[in-house]
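Please prepare a short briefing on this structure for a reader who is new to it. Begin with a few lead sentences and then group the points by topic.

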Amino acid sequence: MKDGNERYFEAALSDFVFDVAAGGAIRHLTDRGYSVEQIMRELSYPVPRIKVEQAVYRHLTDSRMLLSTLPEESESLRIKCLRGEKGEGFSRKLAEAIAESGEENAYMECPFGIWMEKDERRFAQTIACLTNREQEYLLGIRWAQHMMYHRLNDRMREIGMKLVKNTEWVWNFFFIR
């Protein structure tokens, strides 16, 4: 029977080998906007999907692309909320808000983990307006079972605009200054 030190060493070695073999590639492809499916096709050797999903999620949270909570407002930090509106004017408003705060400070509210856990049918209906590529991206993220916030990079801005135009949910966008 292995003691705690041996198990710790084996886990650390396994994590190190995984990071050397695939971790860097997964982080790089995640930064380029690849979905879990696309990443798995690009890796030079097979990696279990769960390991790729975990690595993608860890990288998204470590890089602040994905937040579990918004930061607290303070004297030096303000958060502006923009509600998604149907119609042509919203795209311009969203672009202006992103330009004002910077893409690195712009986030979209994402209830996907809640829906995946409690109402898979609603989740499937909500994302039906998205392309297969966009759905694949959302399905590859291991969303926590609470509201999360995804940075409004090009991919999420495209997804967000489609969801605003094609669903009944009120989508909120946050800008941290």
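R64 sits in the loop between α3 and β1 (66-67), where helices (H or I, at least four residues) and strands (E, at least two) are DSSP runs, numbered from the N terminus. This is a predicted model, in which local features need pLDDT of at least 70 and side-chain atom pairs count only at pLDDT 80 or more, while totals for chains, interfaces and linings use all residues. Residues are numbered from 1 along each chain as its sequence is written, and side-chain values use heavy atoms, with hydrogens and water left out.

- Most residues other than glycine have a negative phi.
- With a relative accessibility of 43%, R64 counts as partly exposed, a class that lies between buried (under 20% relative accessible area) and exposed (over 50%), using a 1.4 Å probe and protein chains only.
- Helix α3 (residues 49-62) has 14 residues and reaches 20 Å from its first C-alpha to its last, close to the 20 Å expected at 1.5 Å a residue, the expected span being 1.5 Å times one less than the number of residues.
- The buried residues in α3 are V52, E53, A55, V56, H59 and L60.
- These residues cover an arc of only 165° around the axis, which puts them on the same side of α3; the arc is that of the directions from the helix axis to the C-beta atoms.

**The chain as a whole**

- The chain holds eight helices and five strands, and from the N terminus on its elements run α-α-α-β-β-α-β-α-α-α-β-α-β.
- Of the 177 residues of the chain, 40% count as buried.
- Among the contacts in the chain with a separation of 6 or more, 74% are between residues 24 or more positions apart, where contact means heavy atoms within 4.5 Å.

- In α4, the 13 residues should span 18 Å at 1.5 Å a residue, and the end C-alpha atoms are 19 Å apart, which agrees.
- F90, L94, A97, I98 and S101 are the buried residues of α4, and seen down the axis of α4 they fall within an arc of 100°, so they line one face of the helix.
- The face of α4 turned away from its buried side carries the exposed residues A99 and E100.
- The cover over the buried residues of α4 includes β2 (79-83), β3 (106-110), α8 and β5 (172-176).
- Helix α4 (residues 89-101) packs with helix α8 (residues 154-166) at an angle of about 145°, the axes being 11 Å apart; axes are lines fitted to C-alpha atoms, for helices over the stretch in contact, and angles run from 0 to 180 degrees between N-to-C directions.
- In this pair, F90, S91, L94 and I98 of α4 meet R157, M161 and V164 of α8.
- Just after α4, G102 takes a positive phi of about 95°.

**Buried residues elsewhere**

- T30, which belongs to helix α1 (residues 4-31), is buried, with a relative accessible area of 9%.
- Leaving aside neighbours within four places in sequence, T30 is in contact with I39, V56, H59 and L60, of which V56, H59 and L60 are listed as buried in α3.
- L130 lies in the loop between α6 (120-127) and α7 (132-140), and at 5% relative accessibility L130 counts as buried.
- Not counting residues up to four places away in sequence, L130 touches Q135, L138, I159, K162 and L163; the C-alpha atoms of L130 and K162, 32 residues apart along the chain, are separated by 6.9 Å.
- In α7, the buried residues are E134, Q135, Y137, L138 and G140, and the buried residues of α7 pack against α2 (36-42), α3, α5 (112-118), α6, β4 (148-151) and α8.
- N172 lies in strand β5 and, at 9% relative accessibility, counts as buried.
- The residues that N172 touches, not counting those up to four places away in sequence, are C81, L82, R83, Y107, M108 and E109.
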